[in-house]
Amino acid sequence: MAKMIYEGKAKQIFLTPNEDELLVYFKDDATAFNGLKKGTIVNKGELNNKISSFFFNLLNENNIPNHFIKQVDDRSMLVKTLKIIPVEVVVRNIAAGSLAKRLGWEEGRELPTPVIELYYKDDDLGDPIINYYHINVLNIATKQQIAQMEEYALKINTVLKDFLKDKNVDLVDFKLEFGTHKGEVILGDEISPDTCRFWDSATKEKLDKDRFRRDLGNVEDAYKEILNRLTV
């Protein structure tokens, strides 16, 4: 059996015979509020694996470098090894969640331009929001790496927004994680209802993990709906 080298809130990472590749297994575990709320979403791992695989293939078609190699089975994908850069990049198109609270805007207000926010990837600290000065002091990424991450983030935003518009889905906001593979900055982690806010364009119904965070119910159905819209 392959050796597990990491287990996070939603995924397990295993070694493979190729030192440049890893196997990612998606779990059904769900967490919110930096792990304060925990639960299980039936078939979440399978759904997120398929949704992420779909989006990574879409990004590959648009020449955006990422760690995805192929989907192995319903719950696993093969990826390139990454040295994770501990800076999460959040792209926001519509006011929701913490941004709505910080700006005093009502949820659902469209932003005139996309907003990029940077967060320090550290569970013990609660992933605090940071800026370029903090990153320099912490020495966790170079200016060139952050610039590349932000450039990719905006390109990803354009690709996903344009694609989802035809599926009657609003891309409200989403979180990205990057790392280096053989010195090159590329996208890692996943793109799923766990890491994105998806709203139905007409009804504004939430089709993402906010249904779990806010006890709205029908969480699995929302994840299924996203997969159905992507693949139909």
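Predicted model: local features only at pLDDT ≥ 70, side-chain atom pairs only at ≥ 80, totals over all residues.
Residues are numbered from 1 along each chain as its sequence is written, and side-chain values use heavy atoms, with hydrogens and water left out. Helices (H or I, at least four residues) and strands (E, at least two) are DSSP runs, numbered from the N terminus.

I begin with the surroundings of E11, residues 169-181. Two strands are said to pair if DSSP finds at least two bridges between them. E8 and E11 run antiparallel and are joined by 7 bridges; within this pairing, Ile-84 has Gly-179 of E11 as its bridge partner. E11 is also antiparallel to strand E13, residues 196-200, through 5 bridges, and there Asp-173 stands opposite Arg-197. A further 4 bridges join E11 to E12, again in antiparallel fashion, where Gly-179 is partnered by Ile-186.

E11 and E12 form a hairpin with 2 residues between the strands, and in it Lys-182 takes a positive phi near 55 degrees. As a general point, most residues other than glycine have a negative phi. Two further residues other than glycine show positive values: Asn-63, with phi near 60 degrees, and Lys-204, with phi near 65 degrees. Asn-63 sits in the loop between helix H1 (44-61) and strand E6 (68-73) and is exposed at 69% relative accessibility. Lys-204 belongs to the loop between E13 and H5 and is partly exposed, at 39%.

The structure holds 27 of them. In one, the side chains of Asp-20 and Lys-182 meet at 3.5 Å, N to O. The two residues are 162 residues apart, Asp-20 being in the loop between strands E2 (11-15) and E3 (21-26) and Lys-182 in the loop between E11 and E12 (184-187). Lys-182 is exposed, at 71% relative accessibility, whereas Asp-20 is partly exposed, at 28%.

Another salt bridge joins Lys-37 and Asp-215 at 2.5 Å, N to O. Lys-37 lies in strand E5 (37-40) and Asp-215 in the loop between helices H5 (210-213) and H6 (219-231), so this pair ties together parts that are 178 residues apart in sequence. Lys-37 is buried, with a relative accessible area of 18%, while Asp-215 is exposed, at 63%.

Glu-107 is partly exposed, at 34%, and Arg-214 is partly exposed, at 35%. Both belong to a network of salt bridges whose members also include Asp-173 and Arg-197.

I turn next to the second largest pocket. On a 1 Å grid over the protein atoms alone, a pocket is an open set of points where a 1.4 Å probe fits, with protein on both sides within 12 Å along at least five of seven lines; lining residues have an atom within 4 Å of a point. The volume of this pocket is about 330 Å³. It has 17 lining residues, and those closest to its centre are Ile-94, Glu-110, Lys-161, Asp-170 and Leu-171. E8, E9, H4 and E11 each supply at least two lining residues, with the largest share, 5 residues, coming from E9.

Finally, helix H4. Its 23 residues, 143-165, should span 33 Å at 1.5 Å a residue, and the end C-alpha atoms are 33 Å apart, which agrees; the expected span is 1.5 Å times one less than the number of residues. Among the buried residues of H4 are Ile-146, Met-149, Tyr-152 and Leu-160.

Notes: Buried < 20%, exposed > 50% of the residue type's maximum accessible area, 1.4 Å probe, protein only. Points joined across faces, edges and corners; volume = space filled by probe spheres on them. Salt bridge = Lys/Arg side-chain N within 4 Å of Asp/Glu carboxyl O.
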